[in-house]
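Have the view open as you read.

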Amino acid sequence: MLIKPENIDRKENLAFLLEVGTEELPASFLSSAVAQWKSLIPQSLQEHNLKSESVEIYGTPRRLAVLIKGLPSQQADREEEIKGPPAQTAFKDGKPTPAAQGFAKKQGVELDALEIRNTDKGDFVFVRKLIPGRRIAEILTELVPQWIFALEGKRLMRWGDGDLRFSRPIRWLVSLLDDAVLPIELVNGSETIKSDRISQGHRVLHPQPVTIPQATDYVNALRLASVVVNIEERTNIIVEEVQNSAHKLNGSVEIYPDLLEEVTNLVEWPSAVIGEFESEFLDLPTEVITTVMVHHQRYFPVFKDSKQQELLPYFITISNGDPAKSNIVAVGNARVIRARLADGKFFYDADLKNPLDSFLPELAKVTFQEDLGSLLDKVGRISKIAAQIAEQLQLSPEQSHNIHRAALLCKADLVSQMVYEFPELQGIMGQKYALASGEEEAVATAIFEHYLPRGADDILPQTITGQVVGLADRLDTLVSIFGLGMIPTGSSDPFALRRAANAVVNITWTADLAINLQQLLEQIATDFVAQHNKHKEELVGNLQEFFLQRIRTLLQEEKQIDYDLVNAVLGENDPEYTQRALQDLLDVRDRALFLQKIRTDGTLDKIYETVNRSTRLAAQGDLDTKQLDPTSIVQPELFQKSCETAFYHALLELVPQTQAAQKSRNYQQLVAALEKIAPTVSNFFDGPESVLVIDPDPNIKRNRLNLLGLLRNHARVLADFGAVVKNL
């Protein structure tokens, strides 16, 4: 039965099913499409004043579907107010003009329905109209093609002789409003895809068409056809089957999230298959075997125990075929993994015939970036930057030697046969080959660690050698790419510079490295402009701004610091704070965390009023923000009231406390001193002998502003209190 929009009964709680049947979709597109529909479809319904009880998105390699429950049969009627021409244009001597007549005709109302109302732009003609709600079937017929072709993805394709674009050719449509087919047509050149109630089951287990009686029968109807359309359900089945299979082998298995998501989107009726390979391949490094399995074959490796350090000669794969033929699938998969592991063993044995440093000349043949030379050139720059960092950190000669050696060898494995074939093993194989070549363990570990973190959830380097070489590598990339003008814009960041800058900050914070980032940027930029015809000031300025953005984001999102407190430690267009933040990343972190702590425990409230008020008034003066000692800039002979004298002496007592806090970065000491001075300052403003700061006498005014400026300066050692918002 086809449904016509005008014939649907008025009732509530309708269910609508849309299934877009396709040829096999890439797993990455399916994940993206499901996420897009979860946002797009509810928003689209809301925009059309349609409420629903639930919107459930389903997907398999051959289909993308949405089941919407609790839809009304039509939109609710709504009243709309429409503004017309100015009253003086619409009426002359109380009679309607052609302008009024035309407006009434256009809106389909009588002239006496027009109203004149006053607005901020004068009197205008208005009309109120009751807009009947449209039928749900009519609206959905329009929305469905929009939902389908609004999906974005990489490499969308055309098929046949038409112009439609989708990830893979669309082969069928199911469109049901309750138990009736909602007619939808997708015209693609000479081919027209018409909606029906006929879906397709599993290619192997149920090759026959599947008839869906009504929308809410969808999930069960497809399950009877050996298709699990619910992605979460498929995921749970896979996890359970993989774990049960590992248990049968008396082993342990790690469920890699990315692998799980991928295999979930590659199957419709998942079943685990256990495969086996020769034990001789276990002589390969564990990372080689797991890389081959996980990244290249989509297999789950099986470990001896939960420590996951030693492998068993088995793997678990998820089949989309007939479970009764698992043995045949296992044999085929074993043949493939055996060939891949044999390749890995050949590459590994060949690479081990030569020491790691013998690969260095080959780096000269690999281009890092067209204008930046080869990988060997980059290694030279990394070595120099690493030495500068080691000097800043005042590391021992032994540590500096290891850093130099690790920097020299950190990219050597990129030209090994193993990494050429399996790029995911960069750094990992460098560590293995370094140890096999007799390098120090610290050097070998750093070769691996300098790539860390490789992603948002990855670990950070744990050794000082790995940390320094990792920083040097990223700083070289940042300065060099920025120097070429390739600054990230919007979502475009082909060199992952945001991730690199985040890593620089996070490594520094986590390892408590007392580096001067500003000095490093200056040094590296100087070397860069010596080789390229660029402006150093502009380059350094762009890098400063970029790093400040990353610091701001990390403080707010990762450290959970309130935005105004972040502004207070970084300053707002304040060069002094900019320089300070980049010269001492640890200090800016500690000040932000401390401010958040004293806001939470209420201490900030005790000093906020006096310090903030002083900061605002001090802005009318001209006192240098670094001045702390009142003896040279305040004239006691100009004091007119005792509160000024008390303020002055309190500032004298504050100087050594602030200086001690600066030296030790013990900001609790500074805040305690500010808390102690607060009543004195409050008395200066509002006490029995309070003063007028903006005195008519310019000398007295300047003297009082200097008192306030000094208090502001002491507080500025911690933060710019002018940026702090009260009771956020």
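A residue is called buried under 20% relative accessible area, exposed over 50% and partly exposed in between, with a 1.4 Å probe and protein chains only. The model is predicted, so local features need pLDDT of at least 70 and side-chain atom pairs pLDDT 80 or more, while totals for chains, interfaces and linings use all residues. Residues are numbered from 1 along each chain as its sequence is written, and side-chain values use heavy atoms, without hydrogens and water.

With that in hand, turn to D178, which counts as buried because its relative accessibility is 18%. D178 sits in the loop between β9 (170-177) and β10 (180-181); helices (H or I, at least four residues) and strands (E, at least two) are DSSP runs numbered from the N terminus. Its phi is near 60°, a positive value in a residue other than glycine. Q560 also has a phi near 60°, but Q560 is exposed, at 54% relative accessible area. Look for Q560 in the loop between α19 (536-557) and α20 (563-570). Another backbone detail is the cis peptide bond between L452 and P453, with omega about -5°; P453 belongs to the loop between α15 (441-449) and α16 (464-483).

Now for the sheet. Three strands form an open sheet in the order β4-β8-β7, with antiparallel pairing, where pairing takes at least two DSSP bridges between two strands. At the edges are β4 (78-86) and β7 (115-119), each pairing on one side only. Five bridges join β7 to β8 (residues 122-131), and E115 stands opposite F126 in β8. K83 lies over the face of F124, 4.1 Å from the ring centre; this requires NZ of Lys or CZ of Arg within 6 Å of the ring centre and within 35 degrees of the ring normal.

Which rings pair up? The whole structure holds nine aromatic pairs, meaning Phe, Tyr or Trp rings (the six-membered one for Trp) with centres within 6.5 Å, stacked with planes under 30 degrees apart, edge-to-face over 60 and tilted for the rest. Y299 and F315 are stacked, 4.5 Å centre to centre with 10° between the planes. Y299 is buried at 3% relative accessible area, and F315 is buried at 0%. F346 and F347 are edge-to-face, because their planes meet at 70° with centres 5.9 Å apart. Here F346 is exposed at 54%, whereas F347 is buried at 13%. Finally, ring pairs link F647, F684 and F685 into a cluster, and the charged end of R613 sits over the ring of F685, 4.2 Å from its centre.
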